[in-house]
Amino acid sequence: MKKLFCTLLAALLCAGAMALPAAAADEEMIVVNDDISVSADYDWTRLADQGITLNVYNWGLYISDGSDESVDILSAFTELTGIEVNYTTYDTNESLYAKLKSDGADYDVIIPSDYMIGKMINEGMLEKLNFDNIPNMAKIGEQYKGLDYDPNDEYSVPYTWGVVGLVYNKTMVDEAPTSWDVMWDEKYENSILMFNNSRDAFAIAAKRLDMSLNPSTVEEVETIAEELKAQKSLVQAYVMDEIFDKMEGGEAALAPYYAGDALVMMDENPDLGFAIPEEGTNYFVDAMCIPAGSKNKEAAEMFINYMCETSVGVANCDYIGYSTPITEVWEQLPDDLKYSEVAYPSEEVLANTEVFTVLPDEINAAMDKAWSDMKSYSEGGSSWLIPVGLVVAVAVVVLLFWSRNRKKQREDY
């Protein structure tokens with residue numbers, strides 16, 4: 001009996017020990033809804049009664065917001081914290097920068113790309129982060145920390161990463177493209193889409209010329225611009241978010257774009273494929289930052305910490321298709337995304353990529369001017385119509401003024 005009692009007692013103790021971790025695990029999480037659970041050792045409600053509305057400014061189609069049956073991580077944040085979110089979007093890093101520079105912007109969280117973060121840091125446009133409010137920074141993989149744009153990890157927390165490649169329609173191209181040269185192939189005239197932002201467009205032309213996508217002289221900028229001019233007559237349209245409708249609808253054969261968005265388009269249209277050209281491409285990291293002067297810095301840091309919660313990251317990356325810098329998130333993604341060669345290219349492919357760096361003001365100015373000139377350039381020579389048109393318009397105004405003055409003189413006479 002004594003042996004039996006000891007055996008039963010040992011069994012009960014073992015069962016209790018096994019049950020404790022599960023109970024403790026439950027206590028360590030706060031269940032917000034069926035999809036979102038967050039760490040319980042963070043005070044999510046400390047700002048709930050302050051009537052805060054966070055202004056979050058992000059790329060278009062770049063968050064799981066409840067559309068298309070996705071998880072609405074923004075409403076879950078409000079339910080968890082009591083903080084409302086005013087969410088708006090931009091289409092390029094350059095338009096984000098211009099908006100912030102105009103002083104008419106009032107944002108609390110922005111998500112620019114690496115080189116733009118570096119530029120904003122240099123110009124004093126970002127707040128240093130208080131990582132006591134962002135403990136989930138510890139979840140970010142070491143390979144995404146200490147990067148050139150923010151070497152001391154003071155101003156940003158990585159959001160996603162990815163590469164640029166070619167989205168192509170398999171029914172409209174002869175074979176899977178292997179080179180950026182196809183973007184200059186006359187057989188695809190009027191069926192080519194091109195980035196509608198200077199940095200990405202210049203990078204593609206630079207890689208085609210076997211040059212760095214970070215030009216170091218004005219002469220290099222001008223050389224690359226000439227390559228874009230040579231392509232212009234073949235381009236159907238310069239696009240950003242418009243690419244989704246055009247490629248999914250079969251309106252174009254070729255378009256360079258970001259890998260995460262390529263997955264979304266391929267899911268909508270099975271005729272689409274994705275290729276990373278052999279010359280190499282851009283590798284980028286987008287990160288969450290707080291603009292200088294934010295009126296809700298602590299709440300913004302809470303939002304950034306929330307976006308790094310594992311369940312939030314899984315819902316977000318599963319929907320937008322972009323690559324996660326958080327190992328725990330990657331481990332829980334669906335296999336078709338986790339092992340996707342588009343979202344997670346091989347080490348060999350990544351070794352042939354290049355990151356954007358912060359360019360000197362002289363180079364930025366030259367690129368802005370060259371981009372503007374290229375957009376107004378016409379290979380057929382019709383660019384002369386613009387100044388001629390202005391001259392004609394002035395002449396018409398002068399003629400009308402003369403005619404009215406002449407008429408008035410006759411009436412006075």
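## Overall make-up

The protein chain has 413 residues, of which 49% are buried, and its secondary structure consists of 15 helices and 12 strands.

## Confidence in the model

Averaged over the protein chain, pLDDT is 90, and 85% of the residues reach a score of at least 70. Two stretches call for more caution. Over residues 1-26 pLDDT stays under 50, and the model gives this stretch 0 contacts beyond four places in sequence. Residues 381-386 likewise stay under 50 in pLDDT, although here the model has 2 contacts beyond four places in sequence. Where pLDDT is low, the predicted coordinates should not be read in detail.

Among the elements of the chain is an open sheet of 3 strands, which are arranged in the order 4-3-5 and pair in parallel. Strand 4, covering residues 84-90, and strand 5, covering residues 109-110, are the edge strands, each of them pairing on one side only. Strands of a sheet pair through backbone hydrogen bonds, either parallel or antiparallel.

Strand 3, which spans residues 53-59, is joined to strand 5 in the parallel sense over 2 bridges. Within this part of the sheet, Tyr 57 has Ile 110 of strand 5 as its bridge partner. Helix 9, made up of residues 297-307, lies across strand 3, strand 4 and strand 5, and its direction is at about 50 degrees to that of strand 3.

## A buried residue in a loop

Ile 326 is found in the loop that runs between helix 10 (310-320) and helix 11 (327-332). Its relative accessibility is 4%, and Ile 326 therefore counts as buried, since the cut-off for a buried residue is under 20%.

When neighbours within four places in sequence are left aside, the residues in contact with Ile 326 are Lys 139, Ile 140 and Cys 308. As for Ile 140, this residue is 186 residues away from Ile 326 along the chain, yet the C-alpha atoms of the two are separated by 4.9 Å.

Note on methods. Residues are numbered from 1 along each chain as its sequence is written. This is a predicted model: local features need pLDDT of at least 70, side-chain atom pairs count only at pLDDT 80 or more; totals for chains, interfaces and linings use all residues. Side-chain values use heavy atoms; hydrogens and water are left out. pLDDT is the predictor's confidence in each residue, from 0 to 100. Contact means heavy atoms within 4.5 Å. Two strands pair if DSSP finds at least two bridges between them. Helices (H or I, at least four residues) and strands (E, at least two) are DSSP runs, numbered from the N terminus. Axes are lines fitted to C-alpha atoms, for helices over the stretch in contact, and angles run from 0 to 180 degrees between N-to-C directions. Buried means under 20% relative accessible area, exposed over 50%, partly exposed in between (1.4 Å probe, protein chains only).
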